[in-house]
Amino acid sequence: MSSSELSDERTGRPDDIEAVPVRHPGRWIAAILVVLIAASLVRSIVVDPNFQWSVVGHYLFDPRVLRGVRVTIVLTVVSMVVGVVLGVVLAIMRRSPNPIVSGASWLYIYVFRGTPLLVQIIFWYSIGSLYKTIDLGIPFGPSFVHINSNSLITAFGASVLALGLNEGAYMSEVVRAGFLSVDDGQGEAASSLGMSRMQVLRLIVLPQAMRVIIPPTGNETISMLKNTSLVSVIAYTELLYSVQQIYSVSFQTIPLLIVASLWYLVMTSVLYVGQFFIERRYGRGFSRAERATMRARWLGTRGNRGVT
Amino acid sequence: MVKAEGVHKRFGRLEVLKGINLEVARGDVMCLLGPSGSGKSTFLRCINHLEKINSGRLSVDGELVGYRESDGKLHELHERDVARKRAEIGMVFQSFNLFPHMTALENVTLAPTRVAGVSRAAARERAAGLLTRVGLADKLSTYPVALSGGQQQRVAIARALAMQPKLMLFDEPTSALDPELVGDVLDAMRQLARDGMTMIVVTHEIGFAREVADTVVFMDAGVVVESGPPADVLGNPQHERTRAFLANVR
């Protein structure tokens with residue numbers, strides 16, 4: 001840089017090198033192939049009557065589809081809230097000095113991460129065949145509340161149970177990573193001031209862990225939005241099942257799947273934008289250069305945090 | 001104030017403290033010197049029960065640390081009793097450990113309001129006073145990241161003092177500081193000693209120990225090699241190990 005600045009017009013710049021460039025015929029062939037394939041795809045999408053774009057347009061704002069979109073949003077939000085609350089509780093349990101409590105958390109995560117979500121959805125929907133009634137009371141003692149399973153486990157109830165409980169297992173790992181990102185010295189300093197374990201967690205560890213917890217939670221929300229489509233198997237009328245109901249009568253499968261896909265894309269796009277702003281907010285003051293000095297100041301000489 | 005009798009501490013099979021006997025009187029300043037790995041920081045952490053001792057007796061103000069004695073038996077203290085006792089002992093760490101998501105003032109008011117139940121207004125007033133005393137009157141609403149190491153450590157001292165402790169523990173408070181920032185922190189500690197605070201200081205600052213300490217203790221490999229007034233231990237060490245260490249540090 002500095003040497004080329006020295007040799008500009010005033011000091012008499014030497015001629016630029018004019019060499020014959022290396023030819024890359026392979027690159028040209030690859031580019032032409034990709035363009036050809038893409039063009040033929042676009043052509044078929046636009047021209048092929050089987051896509052039935054007029055049908056897509058017809059159903060895009062159909063009230064049944066819009067209702068499905070609304071249900072999908074509600075299901076995503078409610079399940080995510082259940083998942084986040086459960087995830088925090090499980091992550092705290094995992095830190096417990098009581099081996100039964102931390103073991104229970106471990107077992108929960110093991111089971112819910114180790115079995116397919118689809119299986120869990122069908123399981124919760126069929127829980128009525130396992131337990132006819134659900135009693136709330138003292139274990140092995142008297143019960144106070146007596147509920148018929150079938151009235152509790154509606155399609156919505158089963159969906160929220162399945163999606164929320166499954167999400168809890170994943171969120172607990174996200175929260176745990178956040179906890180691990182906070183230096184042990186923080187906890188020691190807080191407890192040396194006489195704070196209890198829960199106070200340390202609530203006032204010191206959790207607020208600092210948020211910076212690590214928030215971005216992956218955005219990813220989890222986007223996954224959740226798409227996973228809600230799985231509850232179509234128990235005939236809950238979210239977006240996918242709404243369009244399925246339409247095309248099962250009209251047999252216009254592809255155009256209605258396009259309708260659903262367009263709505264999913266719109267919703268995930270909104271979440272992507274939201275995530276961008278949230279990450280920027282929580283990443284403030286944490287650009288790479290700053291982070292090095294902040295880490296040195298806060299964490300002494302600690303190296304990588306082992307958190308992605 | 002602090003009394004240790006035959007204190008042993010093991011980490012797995014590694015014996016870090018091999019029978020420590022020490023006594024610190026109220027209002028005294030004790031400086032612990034020694035090479036790294038000699039167990040001086042571990043001993044300090046045992047005093048407020050951040051580490052559990054394996055055998056021996058350790059008491060603060062006549063009460064055992066971490067245990068209660070009745071009918072000749074030791075009973076482990078409940079977590080909240082341990083916390084209550086820790087609140088009476090201030091601790092300052094080598095790596096400051098300020099809470100990065102809080103301003104200097106919030107760092108200092110947190111424990112008084114949340115643990116001691118002091119009103120917000122009273123805590124703020126006292127915290128502002130303490131921060132002024134350590135020369136940070138203009139940094140009340142500054143976050144730790146914007147403070148120098150020396151300033152952070154002085155906030156940490158104010159944070160510990162806010163709980164009105166009867167004993168202050170300093171774990172190498174100046175070791176992580178640039179040499180030019182050490183003076184301000186030592187000044188704050190010197191002031192504290194003059195005010196009559198009981199202090200145990202793990203340090204490598206021989207000059208500070210000579211000037212401020214009532215007792216200097218030299219530790220090596222988990223035992224107390226030598227202890228006494230600074231003039232004796234630093235001026236006329238009796239043990240070869242102490243002489244070798246002092247020759248290297250000076």
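**View 1. Start of helix H4 of chain A in the predicted model.** A side-chain oxygen of Asp62(A) comes to within 2.8 Å of the backbone nitrogen of Arg64(A), at the start of H4(A). The model is predicted.

**View 2. Helix H4(A) along its length.** H4(A) has 33 residues, and at 1.5 Å a residue it should span 48 Å. The C-alpha atoms at its ends are 48 Å apart, which agrees with that expectation.

**View 3. Lining of the largest pocket.** The volume of this pocket is about 800 Å³. Its lining comprises 31 residues, and those that lie nearest the centre are Gly187(A), Ser191(A), Arg197(A), Glu79(B) and Arg86(B). By class, the lining has 14 nonpolar, six polar and eleven charged residues.

**View 4. Helices that contribute to the largest pocket.** In chain A, H4 (63-95), H8 (155-180), H9 (184-192) and H10 (197-227) each supply at least two residues of the lining, as does H2 (79-86) of chain B. H10(A) gives the most, with five residues.

**View 5. Open sheet of chain B.** Four strands are arranged in the order S2-S1-S4-S5, with antiparallel pairing. S2 (14-24) and S5 (63-64) of chain B are the edge strands, each pairing on one side only.

**View 6. Pairing of strands S4 and S5 of chain B.** S4(B), residues 55-60, pairs with S5(B) in the antiparallel sense over two bridges. Val60(B) stands opposite Glu63(B), a residue in S5(B).

Terms used: Residues numbered from 1 in each chain as written. Chains lettered and ligands numbered in written order. Predicted model: local features only at pLDDT ≥ 70, side-chain atom pairs only at ≥ 80, totals over all residues. Heavy atoms only, no water. 1 Å grid on protein atoms, 1.4 Å probe; cavity = no way out; pocket = protein on both sides within 12 Å on 5 of 7 lines; lining within 4 Å. Points joined across faces, edges and corners; volume = space filled by probe spheres on them. Nonpolar A, V, L, I, M, F, W, Y, C, P; charged D, E, K, R; others polar. Expected span 1.5 Å × (residues − 1). Polar contact = N/O pair within 3.5 Å; in protein donor to acceptor, adjacent residues only side chain to side chain. Pairing = 2+ DSSP bridges.
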